Amino acid sequence: GTHVELTQETLYPAEDTITITLQPSSAATFALYLRIPAWLTKPAALRLNGRELTTSARPGTYAAIRRTWHSGDRIELTLPQDFRTEPIDELHPETVALMRGPVQYVALNPPTDLESGRLKLPAGLKRLTAESFAENYQGNQIVFAPLYQIQNETYSSYFNKA
């Protein structure tokens with residue numbers, strides 16, 4: 001019966017950390033469940049009021065934090081977003097999308113021969129900005145950016161694995 005206000009602060013998915021501040025109207029005991037995404041390849045990190053919490057939560061489950069909550073309690077959840085490739089379907093396992101965490105990345109202004117070429121994704125990606133990366137392809141730099149940021153650029157969504 002206690003009113004609890006949650007405030008989330010984050011630049012996710014540009015950054016890996018989400019901060020949640022709790023403001024219960026009075027001290028309250030309950031479990032807070034945080035989703036641990038199935039795509040994680042490294043463990044999630046949890047901190048409560050600056051102290052590291054150990055969790056047995058595996059990717060694809062929830063981390064439960066049971067305690068008596070007080071106004072101003074802060075949780076930091078870090079979800080390391082590594083690059084990976086995902087096949088477009090079972091019939092085409094060599095044709096892949098480039099993913100970073102939950103976000104699909106696309107090649108901006110790709111060279112015309114990219115469709116027939118093969119990329120060693122994500123091995124050669126180098127960070128350019130918080131959300132753009134580059135890969136060397138036959139002496140040219142291909143820039144990758146999140147699909148959700150695309151406005152009027154030409155882009156390619158799927159690639160052949162090397």
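Colleague: Hello! Why is Gln138 called exposed?

Modeller: Gln138 has a relative accessible area of 59%. Exposed means over 50%, buried means under 20%, and partly exposed is in between, with a 1.4 Å probe and protein chains only. At 59%, Gln138 therefore belongs to the exposed group. Before we go on: this is a predicted model, where local features need pLDDT of at least 70 and side-chain atom pairs count only at pLDDT 80 or more, while totals for chains, interfaces and linings use all residues. Residues are numbered from 1 along each chain as its sequence is written, and side-chain values use heavy atoms, leaving out hydrogens and water.

Colleague: Where is Gln138, and what can you say about its phi?

Modeller: Gln138 sits in the loop between β13 (132-137) and β14 (140-146). These strands are DSSP runs of E with at least two residues, numbered from the N terminus. The phi of Gln138 is positive, about 50°, although Gln138 is not a glycine. Most residues other than glycine have a negative phi.

Colleague: What about Asn49: where is Asn49 found, and is Asn49 buried or partly exposed?

Modeller: Asn49 is in the loop between β4 (45-48) and β5, and Asn49 also has a positive phi of about 50° without being a glycine. With 41% relative accessibility, Asn49 counts as partly exposed.

Colleague: What makes the contact between Arg100 and Asp16 a salt bridge?

Modeller: Their side chains meet at 3.9 Å, N to O. A salt bridge needs a side-chain nitrogen of Lys or Arg within 4 Å of a carboxyl oxygen of Asp or Glu, so 3.9 Å qualifies. Arg100 lies in strand β9 (residues 95-100) and Asp16 in the loop between β1 and β2, so the pair ties together parts 84 residues apart in sequence. Arg100 is buried at 5% relative accessibility, whereas Asp16 is partly exposed at 22%.

Colleague: How many salt bridges are there in the whole structure?

Modeller: A search finds 5. Among them is Arg67 with Asp73, at 2.5 Å from N to O. Arg67 is partly exposed at 24% relative accessibility, and Asp73 is buried at 7%. Another of the salt bridges joins Glu86 and Arg84 at 3.0 Å, N to O. Here Glu86 is partly exposed at 33%, while Arg84 is buried at 16%.

Colleague: What lines the largest pocket?

Modeller: A pocket is an open set of points on a 1 Å grid over the protein atoms alone, with protein on both sides within 12 Å along at least five of seven lines; lining residues have an atom within 4 Å of a point. The lining includes Gln8, Tyr12, Ile18, Trp39 and Pro102. β2 and β3 (28-36) each supply at least two of the lining residues. About 170 Å³ of space lies in this pocket, counted as the space filled by probe spheres set on points joined across faces, edges and corners.

Colleague: How do the lining residues divide by type?

Modeller: They divide into 9 nonpolar, 1 polar and 1 charged. Ala, Val, Leu, Ile, Met, Phe, Trp, Tyr, Cys and Pro count as nonpolar, Asp, Glu, Lys and Arg as charged, and the others, Gly among them, as polar.

Colleague: Where is Pro102, and is Pro102 buried or partly exposed?

Modeller: Pro102 is in the loop between β9 and β10 (103-108). Its relative accessible area is 40%, so Pro102 is partly exposed.

Key:
1 Å grid on protein atoms, 1.4 Å probe; cavity = no way out; pocket = protein on both sides within 12 Å on 5 of 7 lines; lining within 4 Å. Helix = DSSP H or I, 4+ residues; strand = E, 2+ residues; numbered from the N terminus.
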